[in-house]
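These are my notebook entries on a structure that was new to me. I record what I looked up, entry by entry.

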Amino acid sequence: MRVHWMILLCATVANAQNFNGGDSTWYCGILANENCSIHIAEPRCGTDLITYTNMCALGQAHCKDTTVNQLHMGPCGDSGTTTRSPEQIVHGSELVLDFQCVVLGHRGCEPAMNEKICGTDGITYQNFCEYEKARCMHRDLHVAKLGDCSA
């Protein structure tokens, strides 16, 4: 099963948008099953002028409607103005990636058979989870190929 979604991920990387080379379907699929109410309340105002309880909830909204991004931290109406430059708006896909990194930072990676991934940094990651953790620190990291880099 893991190999199947890895192949799907690699096959769709070229078609992914705004997820820095990652597959939005994979990231949003994981986030869709997340219970956002168990995460710390950290209100964020969406570009749809709805106040979301935290990064998780705003990320879920972005996955349902890609036009929803983060207008600013805090509840809507607390900023004094709703006008922001495009540089000040945080794209929803960045929130989804950031949330994924927070979750991965608190979870261990389970060993997997034959799931090695060669990153564009020339490092062989033992599994997709370890590769994703590395992407959290290096957003320009992508999959070079499945398997060991030296093979």
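I began with Cys118, which I located in strand 4 (residues 117-119); strands (E, at least two residues) and helices (H or I, at least four) are DSSP runs numbered from the N terminus. The model is predicted, so I note that local features need pLDDT of at least 70 and side-chain atom pairs pLDDT 80 or more, while totals for chains, interfaces and linings use all residues. Residues are numbered from 1 along each chain as its sequence is written, and side-chain values use heavy atoms, without hydrogens and water.

Is Cys118 buried or exposed? I found Cys118 buried, at a relative accessible area of 6%; buried means under 20%, exposed over 50% and partly exposed in between, with a 1.4 Å probe and protein chains only. Its C-alpha atom is separated by 4.8 Å from that of Cys149, 31 residues apart along the chain. Among the residues that Cys118 touches are Ile123, His142 and Cys149, contact being heavy atoms within 4.5 Å.

Next I looked up helix 4 (residues 92-105) and helix 5 (residues 128-137), whose axes come within 10 Å and cross at roughly 120°. Axes are lines fitted to C-alpha atoms, for helices over the stretch in contact, and angles run from 0 to 180 degrees between N-to-C directions.

Methods:
Lists of a residue's contacts leave out its neighbours within four places in sequence.
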